[in-house]
Amino acid sequence: MSDKFCPLNLTPEELIEYTPDWDGDRFPDGRPKVPDGIVERMKNVSITQAWGVMRGAGYEHQYEGGWAQTHPGKTLVGRALTAMYMPRRPAMRTVMAAKGAAQGCIGDQISWPIDMLVPGDVYVADTYGKVDEGPIIGDNLATAIYANSGNGVVFDGSVRDLEGIEELEDFACFVRGWHPSYASPTIMLLGVNTAVRVGQATVMPGDVVLGKREGVVFIPPHLAETVVKTSELVQLRDMFGKQRLREGKYTPGQIDDRWTDEMEADFSEWLEGHMDELPVPKEAIQDLLKERTW
């Protein structure tokens, strides 16, 4: 990771202050570092399941839909590195450029966040929905993003060089559109690793980004494990219920109603007997069984 920080970002100390519910590891820049295993398991979580857990925890503004996708059908998962852009104000942009140069930032401002990306990051940029003169990347910078992060992007703005971006097979982009113009003359970078607004959602650095056809959710780090475990439990119970329905052991009314203690015990036995066949990591199922009382 680069040890350089954008002049108007949150400091590592401020990021710790504004993410008080996270007590796990952090990156040197202060971002919460949700474990790789949880991020990987997040790929199988549905947007609806994640949204439900977050809403139940009081986080009601973490979803945004209405995206154009450069790679339809691809799932995007990773930890957010955020950037905030605003309409260009010449004096401010000049000062920002000087501050960035003094800290060793290289090139145009739109490249600074890219230099800070590490594997597993998702570059999340607030470009206030700008499409015409809104692209902050084309295929060259997209290649650099993918080389640094191994991931795609979420831009509340646009991209250019669509055909070149499409050649990056796993570079899933959720954007507002594409346009052949170039954004740099009309915008300025106001901050990196700061809170940003993406449509109706508030995004913090280190949020786990989950993008699918339905839209994008930004999951607070301290809720990521709960989202994954809740989703996996729903998935396993659904598989168990359908199998028992096919076998005729239970009626639809029994499956749809609150399960009896006997059914819960049957579910636990089923988990133990099918542990190596289920689409959930064996270790996760073992942990689930430890937490169950049946």
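I began with helix H8 (residues 221–247) and H10, which pack at an angle of about 100 degrees with their axes 11 Å apart. Two packed helices are described by the angle between their axes and the distance between the axes. For the axes I used lines fitted to C-alpha atoms, for helices over the stretch in contact; angles run from 0 to 180 degrees between N-to-C directions. H8 and H10 are therefore roughly perpendicular to each other. My classes were these: angles under 35 degrees are roughly parallel, over 145 roughly antiparallel, 65 to 115 roughly perpendicular, and the rest oblique.

Next I listed who makes this contact. From H8 come Leu233, Leu236, Arg237, Met239, Phe240, Gln243 and Arg244. From H10 come Met263, Glu264, Asp266, Phe267, Trp270 and Leu271. Contact means heavy atoms within 4.5 Å. By class, the contact of H8 with H10 has 8 nonpolar, 1 polar and 4 charged residues. Here Ala, Val, Leu, Ile, Met, Phe, Trp, Tyr, Cys and Pro count as nonpolar, Asp, Glu, Lys and Arg as charged, and the others, Gly among them, as polar.

A note on the source: this is a predicted model, in which local features need pLDDT of at least 70 and side-chain atom pairs count only at pLDDT 80 or more, while totals for chains, interfaces and linings use all residues. Residues are numbered from 1 along each chain as its sequence is written, and side-chain values use heavy atoms, with hydrogens and water left out.

**H10 and H11**

I then took helix H10 (residues 261–273) with helix H11 (residues 282–291). Their axes come within 10 Å and cross at roughly 155 degrees. That makes H10 roughly antiparallel to H11. On the H10 side I found Ser268, Leu271 and Glu272; they meet Ile285, Leu288 and Leu289 in H11. By class, this contact of H10 with H11 has 4 nonpolar, 1 polar and 1 charged residues.

**Leu245**

Back in H8, I looked up Leu245, which has its place in that helix. Is Leu245 buried or partly exposed? Leu245 is partly exposed, with a relative accessible area of 34%. The cut-offs are under 20% for buried and over 50% for exposed, with partly exposed in between (1.4 Å probe, protein chains only). Not counting residues up to four places away in sequence, Leu245 touches Tyr250, Thr251, Pro252 and Ile255. I also checked Leu245 against Ile110: they are 135 residues apart along the chain, and their C-alpha atoms are separated by 55 Å.

**The loop between E4 and H6**

Two residues here have positive phi without being glycine. Tyr128 lies in the loop between strand E4 (121–126) and helix H6 (139–149). Its phi is near 45 degrees. Tyr128 is partly exposed at a relative accessible area of 33%. Glu133 is also found in the loop between E4 and H6. Glu133 has a phi of about 60 degrees. At 35% relative accessibility, Glu133 counts as partly exposed.

**Whole protein**

Last, I noted the overall values. The protein has 11 helices and 13 strands. Helices (H or I, at least four residues) and strands (E, at least two) are DSSP runs, numbered from the N terminus. The C-alpha trace spans about 70 × 40 × 30 Å along its principal axes. Of the 294 residues, 51% count as buried. Among contacts between residues at least 6 apart in sequence, 75% join residues at least 24 apart.
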